[in-house]
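Hi,

Here is the structure I said I'd pass on.

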Amino acid sequence: MRMTSGSGHLPMGDDKASPWYGRHILSVSQFTREDVDHVHDVAADMQEIVQRTGGCDLLNGKILASIFYEPSTRTSCSFMAAMQRLGGQVIPINEVRSSSVAKGESIADTAITLGCYADVMVIRNPTVGSAAIAAANAGIPVLNAGDGVGEHPTQALLDTFTIRQELGHLDGLAVTLVGDLKNGRTVHSLARLLALYDDVRLTYVAPDSLQMPQDVVDQVAAAGVPQERCAQPDQVIADTDVLYVTRIQQERFSTPEEYEQVKGVYIITPETLRGAKDDLVVMHPLPRVNEIAEEVDADPRAAYFRQMEYGMYVRMALLALVLGRV
Ligand code: NCD
């Protein structure tokens, strides 16, 4: 890695020869294990920089266009904080009502426009494949911040970084995914990414109507990862290293009645964690509605607030990588 912030040698310009330069981040399927490890290594350096000095000027002169067509707190704010901590600037479009999108402008045209003004773009949109459309048109690197029920690759990179920071490794883990596995894009990306590691086992705890999509199951199976279903989290908790809880994605249901049928189906309480390993890692991409009782927050194994912070370091790493600055 070229970044040598500790010794004060910041790069003078973009490294166009870097394999990451100009790359879009659209799906976790584009990554090798080495890629993921590299992102994590750079993220760990970013964590050190932030903890030591708050930031640096690695992306001085660069502009991020951040366009969110769906609500977001963590993803949009952590990308903005990441850009600003690296000395870059942000054009935030969080209220699409205030932009020409509200006049019916296509994603492609919006992407071409932002490509004229910015050096990198982050997009969240309710349509699967929308980030790929933006990438095909923007002329600048595009990072998928969630394309409907499709993928959320930067979240999966921060989820795996969280596991690495909490447990020290990603091999040999029993990971239990709980909640809306059908509509939750974070688990679609995470299951695929975990399949790059050795001896990972996945357990799915979801209502029948909200099971992991078959294409994800097939892809993970092709990588040789054992997958099983379980009815309740407490049945599998003793053999779980990482408990990844997700929100029932209310906005993806066609009728309120369908949502009501599965709402609150799993709630993790201190009781659920009785019998769990001492070094269990409890994660949640957040926002939580009521899937994890607030009493769990005080448990040192509850990593979901640390997970948010790790997200900023991972997004700093990704921005610096695709702009060829590390
Ligand atoms: C997730 C998302 O938007 O997919 N949130 C996030 O990015 N941290 C999860 C969710 O909304 O449930």
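Let's start with Pro287, which is found in the loop between E9 and H9 (helices, H or I, of at least four residues and strands, E, of at least two are DSSP runs, numbered from the N terminus). The peptide bond from Leu286 to Pro287 is cis, with omega near 10°. Leu286 has its place in that loop between E9 and H9 too, and its phi is near 65°, a positive value in a residue other than glycine. Leu286 counts as buried at 12% relative accessibility (buried means under 20% relative accessible area, exposed over 50%, partly exposed in between, with a 1.4 Å probe and protein chains only).

Before going on, a word on the ground rules. This is a predicted model, where local features need pLDDT of at least 70, side-chain atom pairs count only at pLDDT 80 or more, and totals for chains, interfaces and linings use all residues. Residues are numbered from 1 along each chain as its sequence is written, and side-chain values use heavy atoms, with hydrogens and water left out.

Now the ligand. Leu286 and Pro287 are among the residues that surround it, and others include Thr75, Arg124, Gln155, Arg185 and Thr186 (a residue is near a molecule if one of its heavy atoms lies within 4 Å of it). The shell divides into three nonpolar, five polar and three charged residues (Ala, Val, Leu, Ile, Met, Phe, Trp, Tyr, Cys and Pro count as nonpolar, Asp, Glu, Lys and Arg as charged, and the others, Gly among them, as polar). An N or O atom in the side chain of His152 is 2.8 Å from an oxygen atom of the ligand. Arg247 also has a polar side-chain atom 2.8 Å from a ligand oxygen, and so does Gln249, at 2.8 Å.

Next, Glu151, which sits in the loop between strand E4 (142-147) and helix H5 (153-167). Glu151 is buried, with a relative accessible area of 8%. Its side chain makes a polar contact of 2.5 Å with that of Ser27 and one of 2.7 Å with that of Ser189 (a polar contact is a pair of N or O atoms within 3.5 Å; within protein, one must be able to donate a hydrogen and the other to accept it, and residues adjacent in sequence count only if both atoms are side-chain atoms).

Last one: Asp199 is in the loop between helix H6 (185-194) and strand E6 (201-205). Asp199 has a positive phi of about 55° although it is not a glycine, and it counts as exposed at 64% relative accessibility.

Cheers
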